[in-house]
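Thanks for coming. I have one model to go through today, so please look at the sequence and the structure on the screen.

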Amino acid sequence: MYKFLLSSRWLGWFALVCALAAVCAFLGTWQLDRRNAVREDIGWVETNYSADPVPFEEAAGYFEEFDPSAEWLPVQLTGTYDTANQRIVRNRPLNGRPGYEVLVPLKLQDGTAVVINRGWLAIGNNEAGWPDEVPAAPEGEVSVVARIKPAEPTLLRGAPEGQLASIDLATYQDQTGYPLEQAAYGLMSSEDPAPADRPEASPKPALDEGPHLSYALQWYAFGLLFFVGFGYAARQEAWNIIEAGEEDADDFDDEDEVHSAAPAPRRTRPVRRRRGTTGEEEEDAILDAQGY
């Protein structure tokens with residue numbers, strides 16, 4: 001009954017179903033991988049964000065070679081801001097608002113220079129492409145608590161003088177003319193002494209996994225439905241064959257069966273012969289008409 005599945009047409013449909021199901025499985029696995037990456041990031045936030053600040057001497061290695069397990073870890077740094085090399089980072093949205101971020105190198109007592117992200121500024125109204133005002137960094141020695149964040153890649157777009165397209169520390173170092181720690185920068189949490197005005201602090205990152213799990217389950221379900229649909233179509237085809245066979249059988253009288261090893265074509269329907277009346281039946285009809 002299901003021998004038709006071995007035909008080239010049905011084998012082609014089955015290959016297409018397998019290909020579509022494989023694509024769905026790939027997309028579902030990709031969504032699970034994204035979910036695992038988000039869950040890992042959430043784990044570092046939960047572990048490090050509210051931890052006690054560690055001295056820079058203990059965390060110095062993370063600024064030389066970034067370790068994802070150290071992201072968001074608060075670090076205590078003491079030094080002097082190099083305000084002459086302050087930079088504005090473009091295209092930095094915050095809660096749906098466009099704006100900028102302010103970067104300033106912090107020169108530590110041992111000569112190391114760590115880039116500090118002092119916070120966010122809204123786009124300005126006075127001059128296009130610049131904030132209206134950049135709050136000044138504290139002068140003299142300052143104690144900073146900043147959370148470790150990885151450096152960002154180079155973007156293939158330019159920026160006006162005094163601005164950066166991303167927190168690309170290699171490009172920033174070329175502009176300052178002296179070495180900067182390259183693997184990570186510090187996202188400022190507090191300054192001492194605290195200035196009267198400062199850029200807006202970055203909020204704590206959301207601990208939401210997002211819809212990746214539901215998307216993954218949907219893709220897997222789509223892949224399974226392709227096979228369910230193929231099975232349903234095959235079942236309907238089998239029923240059509242069965243019903244077509246029963247109709248062909250009804251077109252034959254018992255005495256007209258063809259005893260042949262070769263089956264007749266399925267769409268060929270034999271012509272039924274009308275059986276003539278016998279002589280005895282004609283005689284009975286005449287007697288009935290005469291009232292006998």
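First, how to read it. This is a predicted model, in which local features need pLDDT of at least 70 and side-chain atom pairs count only at pLDDT 80 or more, while totals for chains, interfaces and linings use all residues. Residues are numbered from 1 along each chain as its sequence is written, and side-chain values use heavy atoms, with hydrogens and water left out.

The protein chain has five helices and eight strands. Helices here are DSSP runs of H or I with at least four residues, strands are runs of E with at least two, and both are numbered from the N terminus. Starting from the N terminus, the order is α-β-α-β-β-β-β-β-β-α-β-α-α. There are 292 residues, and 32% of them count as buried. Buried means under 20% relative accessible area, exposed means over 50%, and partly exposed is in between, with a 1.4 Å probe and protein chains only. Take the contacts (heavy atoms within 4.5 Å) between residues at least 6 apart in sequence: 67% of them join residues at least 24 apart. The accessible surface is about 18500 Å², and carbon and sulfur atoms account for 54% of that. Those areas come from the Shrake-Rupley method with a 1.4 Å probe; for residues, only the protein chains shown count as cover.

Now helix α3, residues 169-176. Which of its residues are buried? They are Leu169, Tyr172 and Thr176. Looking down the axis of α3, these fall within an arc of 55°, so they line one face of the helix. The arc is taken from the directions between the helix axis and the C-beta atoms. As a reminder, an α-helix has 3.6 residues a turn, so residues three or four places apart point the same way. The cover over the buried residues of α3 includes β3 (87-89), β4 (99-108), β5 (113-122), β7 (163-164) and β8 (184-192). Just after α3, glycine 177 has a positive phi of about 90°.

Serine 166 is buried, at 5% relative accessibility. A polar atom of its side chain lies 2.9 Å from the backbone oxygen of proline 153. Setting aside residues up to four places away in sequence, serine 166 touches Val89, Arg92, Glu152, Pro153, Thr154 and Leu155.

Arg92 brings us to the salt bridges. The whole structure has seven of them, each being a side-chain nitrogen of Lys or Arg within 4 Å of a carboxyl oxygen of Asp or Glu. Arginine 92 pairs with glutamate 101 at 3.2 Å, N to O. Arginine 92 is buried at 14%, and glutamate 101 is buried at 11%.

A second bridge joins glutamate 191 and arginine 118, with the closest N and O atoms 2.9 Å apart. This pair links distant parts of the chain, strand β8 and strand β5, 73 residues apart. How accessible is arginine 118? Its relative accessible area is 0%, so it is buried; glutamate 191, at 8%, is buried as well. Salt bridges with shared partners also join Arg35, Arg39 and Glu209 into one network.

Next, the backbone. Aspartate 192 and proline 193 are joined by a cis peptide bond, with omega about 5°. Proline 193 is in the loop between β8 and α4. Two residues other than glycine have positive phi: tryptophan 72, near 75°, and asparagine 95, near 55°. Tryptophan 72 is buried at 10%, whereas asparagine 95 is exposed at 64%.

Last, the surface. Trp13, Leu16, Leu20, Phe222, Leu224, Leu225, Phe226 and Val228 form a nonpolar patch with about 760 Å² of accessible area together. Patches take residues with over 30% relative accessible area and no salt bridge, joining like charges within 9 Å and nonpolar side chains (Val, Leu, Ile, Met, Phe, Trp, Tyr) within 5 Å. The elements giving two or more residues to this patch are α1 (8-48) and α4 (212-250). The largest share, five residues, comes from α4. Leucine 224, in helix α4, is exposed at 56%.

That is the tour; I will take questions now.

Methods: Polar contact = N/O pair within 3.5 Å; in protein donor to acceptor, adjacent residues only side chain to side chain.
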